[in-house]
Amino acid sequence: MNLCSVGFLCGLLALGLAGPLADVSVSLQRGACPLFWYEHGGGCYKYVSSRVAWADAELHCMSLDAHLVAIHNLHEMEFVTQLIENFDLTKGGHWIGFSDGHQEGAWMWTDGSPPDFTNWSPTEPNNEYGHEHCAETYDTFQWNDQVCTAALPFVCKARERTDLVMPQKPSRASWITGYSVLIPLETHR
Ligand SMILES: [Ca+2]
Ligand SMILES: [Ca+2]
């Protein structure tokens with residue numbers, strides 16, 4: 001029996017409400033992030049179309065109080081994929097903040113977060129010719145180690161809100177909930 005011979009189920013499929021794909025859909029929303037940034041999981045992400053070397057990409061992100069994007073789970077990878085696809089349908093390479101430039105094979109994120117997730121293409125990282133120390137997401141949005149001087153667009157990720165006015169007392173953003181609420185440190189002691 002053709003599934004779409006059942007009117008109700010056919011309608012669900014058309015709306016994308018049935019099946020596992022409904023669980024992986026993500027949307028691009030600004031949320032509490034600055035203009036031209038997009039929110040996901042309490043972080044702010046920005047697509048930058050300028051093609052530059054990996055270090056220049058990281059420096060650009062740092063100038064925005066951010067770093068090249070660090071990716072920590074499949075859901076975040078799917079969000080970054082959608083962000084890139086929103087601006088570039090060619091599925092070309094884009095820098096992410098992963099590098100083994102300090103020690104071969106010791107991959108680290110530029111924002112200092114733990115290397116707890118990877119999405120390497122099956123034959124990567126291959127450190128081709130001994131000169132590939134910077135990670136790009138490309139093609140099927142799996143990762144490849146690339147020469148760091150390649151000129152690629154990139155994605156920045158802000159670890160905390162960059163658009164908030166800090167109060168007088170030391171405070172930190174409510175990072176977990178992702179809302180633009182500043183909580184005085186003393187309330188967490
Ligand atoms: Ca390498
Ligand atoms: Ca490679």
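**Figure 1. Burial and overall fold of the protein.** Of the 189 residues in the protein, 28% count as buried. The model is predicted. It holds four helices and 10 strands. Along the sequence, these elements follow the pattern α-α-β-β-α-β-α-β-β-β-β-β-β-β. Among contacts with a separation of 6 or more, 58% come from residues 24 or more positions apart.

**Figure 2. Strand β8, residues 152-158.** Six of the seven residues of β8 are buried, so the strand is largely enclosed by the rest of the structure. C156 has its place in this strand.

**Figure 3. Pairing of β8 with strands β2 and β3.** Strand β2 spans residues 43-52 and pairs with β8 in the antiparallel sense. Six bridges make up this pairing. Here K46 stands opposite C156. Strand β3 covers residues 67-68 and also runs antiparallel to β8. Two bridges join β3 and β8. In this pairing, L68 stands opposite C156.

Figure 4. Is C156 buried or exposed? C156 counts as buried because it has 24 C-beta neighbours inside 10 Å, and the cut-off for burial is 20 or more. Leaving out residues up to four places away in sequence, C156 touches Y45, K46, V48, C61, L64, A66, H67, L68 and V69.

**Figure 5. C156 and A70.** These residues lie 86 residues apart along the chain. The C-alpha atoms of C156 and A70 are separated by 8.5 Å.

Conventions:
Residues numbered from 1 in each chain as written. Chains lettered and ligands numbered in written order. Predicted model: local features only at pLDDT ≥ 70, side-chain atom pairs only at ≥ 80, totals over all residues. Buried ≥ 20, exposed ≤ 12 C-beta atoms within 10 Å, placed from the backbone. Pairing = 2+ DSSP bridges. Contact = placed C-beta atoms within 7 Å.
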